[in-house]
Amino acid sequence: MKKSKSLFGLIQENFPSGLVVFLVALPLCLGIALASGAPPLSGIISGIIGGLVIGSISNSNISVSGPAAGLTAIVLTAITDLGAFELFLCAGLIAGILQLILGFVRAGSISNYFPNNVIEGMLAAIGIIIILKQIPHALGFDKDYEGHESIFDKGLNFGYFTELFGAIHPGAVVITLVSVAILLAWDKVPALKRIKMLPGALVAVVAGILLNEAFKISGSYLAIGATHLVSLPVPQNFEDFKNLITMPDFNGFTNPKVWIAGATIAIVASIETLLCIEASDRLDIQRRITDTNLELKAQGIGNLVSSMIGGLPMTSVVVRSSANANAGATSKASAMIHGFLLLVCVLSIPFLLNLIPLATLAAVLLLVGYKLAKPATFKHFWHLGKFQFIPFVATVVAIVATDLLKGVGIGLAISVFYILQGNMKRAYYLSRERLNDADGISIKLAEEVSFLNKAAIKKTLKNIKPNSTVIIDATTTSYIATDVLEMIQDFANIRAKEEDINVELMGFKTSYRDYETDEESHVIITHKRAM
């Protein structure tokens, strides 16, 4: 029996990964709040609750929750329509209640129907988006906000790229290159990899701060200004701390728009969470399985608490979760540590965090993005064949070009199309030429034969010429639709007699009832041509 680790052991083992996730989550929380039209601190509050509350309830060992880029458009629209952030917080409370209900009715089971190629496509797409969105920060162009989900949201603006390459900051480029070199060295050099309590991301951040401070002291043109650094509110007195928390306006419960916004957030956040949980379980090297119904309950409780104290609604987030997995997290203690660090640092040392160059954080995320979208993944699905590769690539392209939910929907639709197409064609239809050349015809049915296979089987039987020998093998079949059974029976008992076709049925049950308990019992008769 495997011995469980002590609390101290779990903390010690997961502190480096929790620290990495904290460093990744900090700018994302701020950026998503700004993009949502909400107070900057609301994103931080959401990240703290995602780590401490959801992290303690969920049984996911890799997933990390927080404000999600996929909800920014919904949140921005809701805040604009409602006219007050306090009213919007009521929508967050409603979303939390609805998610709790979804958890209790076991709606989390729908995640079992997401195909692997779509999940892997989602991960690769997130990786590409991370890279695309971090390149500007790596070059010192911080006009775009952190956490934006799709680079094509407002159309492909070539003027933006001209502006980007015309505004490259040499100091940011230097810090990015140094940070990437440190991260690669920590990942590749065995002696450095063994220093678990000193993660490469922390070393890169410290190096970035020291480099920029050295540039400032020396008066170098490489010095990075405040617009290229993390920006957190710095409380000066007790009143400032009190103002950090915003309470919801409970009058919103009488507003139909608030209910519509809450229901929308609940649905979208739940779907994104289930998608991310599936992805997180695949990132877990121990392949542990998360209870998705418990996860929905945890998300519901988290959104209730977050909305009560002025935080944004949240989901399980792939960017944080993948950073968590890549940093070596072994349990949910990592997510909780990240939440605790957010809380402590925001309250105690925001002035120090405001020295961190965005270029350093971009370097961390660039490597996370590469690991998610590495060429080996595309090569793997290419070798699996077009039925796996096309839905995978379609998911990647659709998510990058639109957003997470639309892209996954497109990937699922294409995947289902190929499943249906394969079902309709799988080993049932034989061309007339193959039938004419065959001395004996053998049709082996699959484990399940549904109405989708009827057309292919019917076409094959229609093309069988007189005086043929036909074997229809159902020895491995556990289910056959009634209309397909009737068609095979008619062929064996009527047409085979008329055209002198020798038919042998193998492995068929004696009645429809053996396949479907609610059907009438009819015996299938095997006809063989007289010799």
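How many aromatic pairs does the count come to? I counted rings of Phe, Tyr and Trp (its six-membered ring) as a pair if their centres lie within 6.5 Å, with planes under 30 degrees apart taken as stacked, over 60 as edge-to-face and the rest as tilted. By this rule I get six aromatic pairs.

A note on the ground rules before I go on. This is a predicted model, so I kept local features to pLDDT of at least 70 and side-chain atom pairs to pLDDT 80 or more, while totals for chains, interfaces and linings use all residues. Residues are numbered from 1 along each chain as its sequence is written, and side-chain values use heavy atoms, with hydrogens and water left out.

**Rings**

A pair of aromatic rings is described by the distance of the centres and the angle of the planes. I looked up F250 and F253: their ring centres are 6.3 Å apart and their planes lie at 10 degrees, so this pair is stacked. For accessibility I call a residue buried under 20% relative accessible area, exposed over 50% and partly exposed in between (1.4 Å probe, protein chains only). F250 is partly exposed at 43%, and F253 is partly exposed at 28%. The rings of W382 and F389 have centres 5.2 Å apart and planes at 90 degrees, so I logged that pair as edge-to-face. W382 is exposed, with 56% relative accessible area. I also noted one aromatic cluster formed by F250, F253 and W259.

My search ran on a 1 Å grid over the protein atoms alone: a cavity is a set of points where a 1.4 Å probe fits but cannot get out, a pocket is an open set with protein on both sides within 12 Å along at least five of seven lines, and lining residues have an atom within 4 Å of a point. Points are joined across faces, edges and corners, and a volume is the space filled by probe spheres set on them.

The largest pocket comes out at about 1,300 Å³. I found 43 residues lining the largest pocket, with A325, N326, A327, G328 and K371 nearest its centre. Which helix gives the most to that lining? Helix 16 does, with six residues; helices here are DSSP runs (H or I, at least four residues), numbered from the N terminus. I sorted residues as nonpolar (Ala, Val, Leu, Ile, Met, Phe, Trp, Tyr, Cys and Pro), charged (Asp, Glu, Lys and Arg) or polar (the others, Gly among them). The pocket lining divides into 24 nonpolar, seven polar and 12 charged.

Cavities of 30 Å³ or more number three.

**Positive phi**

R106, not a glycine, has a positive phi of about 65 degrees. I placed R106 in the loop between helix 4 (85-104) and helix 5. R287 has phi near 55 degrees and sits in the loop between helix 11 and helix 12 (292-308). R106 is exposed at 55%, and R287 is exposed at 54%.

**I488**

Is I488 buried or exposed? I488, in helix 22 (residues 482-498), is buried at 1% relative accessible area. Leaving aside neighbours within four places in sequence, I488 is in contact (heavy atoms within 4.5 Å) with L445, I472, L505 and F508.

Notes. Helix = DSSP H or I, 4+ residues; strand = E, 2+ residues; numbered from the N terminus.
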